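This report covers backbone geometry and pockets. The sequence and structure are shown below.

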Amino acid sequence: MNQIYTSETINDMPQRYRANFINSLSGYKSANLIGTCNGSRHTNLAIVTSVFHVGANPPLMGMLMRPHTVTRDTLGNIKEQGYFTINAVPVNLYAQAHQTSARYTPEQSEFDHCGFRPHWQDDFAAPFVAESPMAIGLRLETIQKIEANQTELVIGRIERVLLCEQAVEEDGTIDISQLSLACVSGLDTYHQASGIAKMAYAKPDKAPTALKLFNTDQ
């Protein structure tokens with residue numbers, strides 16, 4: 001039988017234990033490097049796992065940022081410049097990506113200290129990560145404060161995507177399994193996910209149907 005964790009149980013957990021426990025509940029999350037710069041084009045790179053789809057028309061993505069109670073270069077740069085990039089982390093660079101969470105000073109660029117190369121496009125005001133197999137450039141749409149815990153919800157409009165064309169299927173689906181991307185559970189545990197199946201559109205009068213199986217053992 002599963003253990004039952006009540007709100008009282010959770011509140012009584014030591015702070016770090018509780019943070020690890022709650023952060024693990026959402027399961028696997030995508031590992032992303034957020035690329036930004038300030039007005040002097042000084043670059044910043046930060047790993048963020050709270051990235052999610054908001055809508056396709058217009059094309060929007062969102063991410064949650066921790067409360068701005070201390071200096072947070074990523075959020076500050078986004079507010080100042082209005083642009084940022086979301087760069088998927090390849091499996092072979094998960095350690096360098098994790099290192100971007102270290103507390104470097106504002107004068108130190110994580111690109112330089114963590115082994116990544118900035119890729120600039122002349123007409124876009126934020127750096128992409130050259131090593132990323134899937135990079136997304138976004139223009140800031142809105143920032144909303146979540147009153148429950150003072151985190152900030154950042155929503156950006158997708159303006160460009162840098163992606164290998166072979167990974168895009170005929171119906172527009174991106175075959176993530178081709179890109180060898182890292183994912184994260186909790187705060188600091190990295191994984192390499194594998195596909196199970198691509199399913200047909202679900203209808204009440206039809207049984208679940210797999211259009212594509214990634215693992216024939218399933």
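## Backbone geometry

A residue is called buried under 20% relative accessible area, exposed over 50%, and partly exposed in between. The model is predicted. Arg-41 has a relative accessible area of 46%, so Arg-41 is partly exposed. This arginine sits in the loop between strand S2 (32–37) and strand S3 (43–48), and its phi is positive, near 65°, though Arg-41 is not a glycine.

Gln-150 is another non-glycine residue with a positive phi, about 70°. Gln-150 belongs to the loop between strand S9 (134–145) and strand S10 (152–163). Its relative accessibility is 32%, which means that Gln-150 counts as partly exposed.

The peptide bond between Asn-57 and Pro-58 is cis, with omega about 5°. Pro-58 is in the loop that runs between strand S4 (51–56) and strand S5 (59–65).

## Largest pocket

The largest pocket holds about 1,900 Å³ of space. Its lining has 42 residues, of which Ile-47, Met-65, Arg-66, Arg-72 and Leu-187 are the closest to the centre. Two or more lining residues come from each of helix H2 (15–24), S3, S5 and helix H3 (73–81). H2 contributes the most, six residues. By class, the lining comprises 17 nonpolar, 16 polar and nine charged residues.

## Second largest pocket

The volume of the second largest pocket is about 750 Å³. It is lined by 32 residues, and those closest to its centre are Met-134, Ile-174, Asp-175, Ile-176 and Leu-181. Elements that supply two or more lining residues include S5, S9 and S10. S6 has the largest share, three residues. The lining of this second largest pocket splits into 19 nonpolar, nine polar and four charged residues.

Conventions. Residues are numbered from 1 along each chain as its sequence is written. This is a predicted model: local features need pLDDT of at least 70, side-chain atom pairs count only at pLDDT 80 or more; totals for chains, interfaces and linings use all residues. Side-chain values use heavy atoms; hydrogens and water are left out. Helices (H or I, at least four residues) and strands (E, at least two) are DSSP runs, numbered from the N terminus. Buried means under 20% relative accessible area, exposed over 50%, partly exposed in between (1.4 Å probe, protein chains only). On a 1 Å grid over the protein atoms alone, a cavity is a set of points where a 1.4 Å probe fits but cannot get out, and a pocket is an open set with protein on both sides within 12 Å along at least five of seven lines; lining residues have an atom within 4 Å of a point. Grid points are joined across faces, edges and corners, and a volume is the space filled by probe spheres set on the points. Ala, Val, Leu, Ile, Met, Phe, Trp, Tyr, Cys and Pro count as nonpolar, Asp, Glu, Lys and Arg as charged, and the others, Gly among them, as polar.
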